[in-house]
Amino acid sequence: MSAKLNALHSDSYVDISQYRDQHFKGNRYDQEKLLKQSNTLYVGNLSFYSTEDQVHDIFSKSGDVKRIVIGLDKVKKTACGFCFVEYYTRTGAENAMRFINGTRLDDRIIRTDWDAGFKEGRQYGRGKSGGQVRDEYRQDYDPARGGYGKLAQQHRSTEAQNSF
C-alpha cells in the first residue's frame, strides 16, 4: 500500500504512542506486537479520589469492560492516580482511545495509552515513596493528587524545621 493510501487508513487516536514501559520483560519488537493487539489501556492523571465505579461508568461507554485495576501506592496501598482498563475486544479499547482520552473525570483531564497487558504487580506505583514517579517531582499544589509532590513536601518540611 502506498504511503498516501496508508495515511488515509491511519487513526492517530488509535496509533501506539512513542511511550514504552521500561520494565517490560521482553524485547521492543515483542512489546510493539503486544501493544498493537492489546485490549488493555493505561489511564493516567486520575484523581487519588476517583473510584473504580467512576472509571467503569466512563469507560464502559466505549465497550464492554472486562476489568479495571486501580493503581496503588506500594507503601500505603491507597490509590495513586492511574489504572488499567481491560476490554473484552480491541474495538472497545480503540473507541476509548478515540473518545475518552483527553476527557474529564473528577475535574481532571485523563489520558489513555495502550498497555501490553496487565500483569500482577504492575498496579503498584514505581516511585521511591510508593506512588508514581511523576508525583515525586511535581512542584505545583494539586489537592486531587495529595497536595505538593513528595520532593517539594520534603523541601517545605526542611525549610519549616530550619526556620525555628
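1. **Ground rules.** Residues are numbered from 1 along each chain as its sequence is written. Since this is a predicted model, local features need pLDDT of at least 70 and side-chain atom pairs count only at pLDDT 80 or more, while totals for chains, interfaces and linings use all residues, and side-chain values use heavy atoms, with hydrogens and water left out.

2. **Confidence.** Mean pLDDT (the predictor's confidence in each residue, from 0 to 100) comes out at 81 for the protein, with 73% of residues at 70 or more. Where pLDDT is low, the predicted coordinates should not be read in detail.

3. **Layout.** You are looking at 6 helices and 6 strands; these are DSSP runs numbered from the N terminus, with helices being H or I of at least four residues and strands E of at least two. From the N terminus on, the order is α-α-β-α-β-β-α-β-β-β-α-α. Taking contacts (heavy atoms within 4.5 Å) with a separation of 6 or more, 61% are between residues 24 or more positions apart.

4. The protein exposes about 10,200 Å², and carbon and sulfur atoms supply 52% of that. Those areas come from the Shrake-Rupley method with a 1.4 Å probe; for residues, only the protein chains shown count as cover.

5. **The cores.** A nonpolar core here is a set of buried Ala, Val, Leu, Ile, Met, Phe, Trp, Tyr and Cys residues joined through side-chain atoms within 4.5 Å. The largest one has 22 residues, and L41, V55, F59, C83, V85, Y87 and W114 have the most contacts inside it. Two or more residues each come from β1 (40–44), α3, β2 (65–72), β3 (79–87) and α4 (90–99). Another core lies apart from it, with 6 residues, including V69, C80, F82 and F118.

6. **α4 and W114.** The buried residues of α4 are R90, G92, A93, E94, A96 and M97, and they pack against α2 (28–37), β1, α3, β3 and β6 (111–115). Setting aside neighbours within four places in sequence, W114 touches R90, A93, E94 and M97, among others; its contacts also include V14, I16, L35 and L41. The charged end of R90 sits over the W114 ring, 3.7 Å from its centre; the test is NZ of Lys or CZ of Arg within 6 Å of the ring centre and within 35 degrees of the ring normal.

7. **Aromatic rings.** There are 4 aromatic pairs in the whole structure. Rings of Phe, Tyr and Trp (its six-membered ring) pair if their centres lie within 6.5 Å, with planes under 30 degrees apart called stacked, over 60 edge-to-face and the rest tilted. Y42 and F82 are stacked, at 5.8 Å centre to centre and 20 degrees between the planes. That pair links β1 to β3, 40 residues apart. F84 and F118 have centres 5.2 Å apart and planes at 55 degrees, so this pair is tilted. F84 is in β3 and F118 in the loop between β6 and α5 (133–137), so parts 34 residues apart in sequence are tied together.

8. **One cluster.** Y42, F82, F84 and F118 form one aromatic cluster. Relative accessibility is 18% for Y42, 5% for F82, 3% for F84 and 12% for F118.

Definitions and conventions. Buried < 20%, exposed > 50% of the residue type's maximum accessible area, 1.4 Å probe, protein only.
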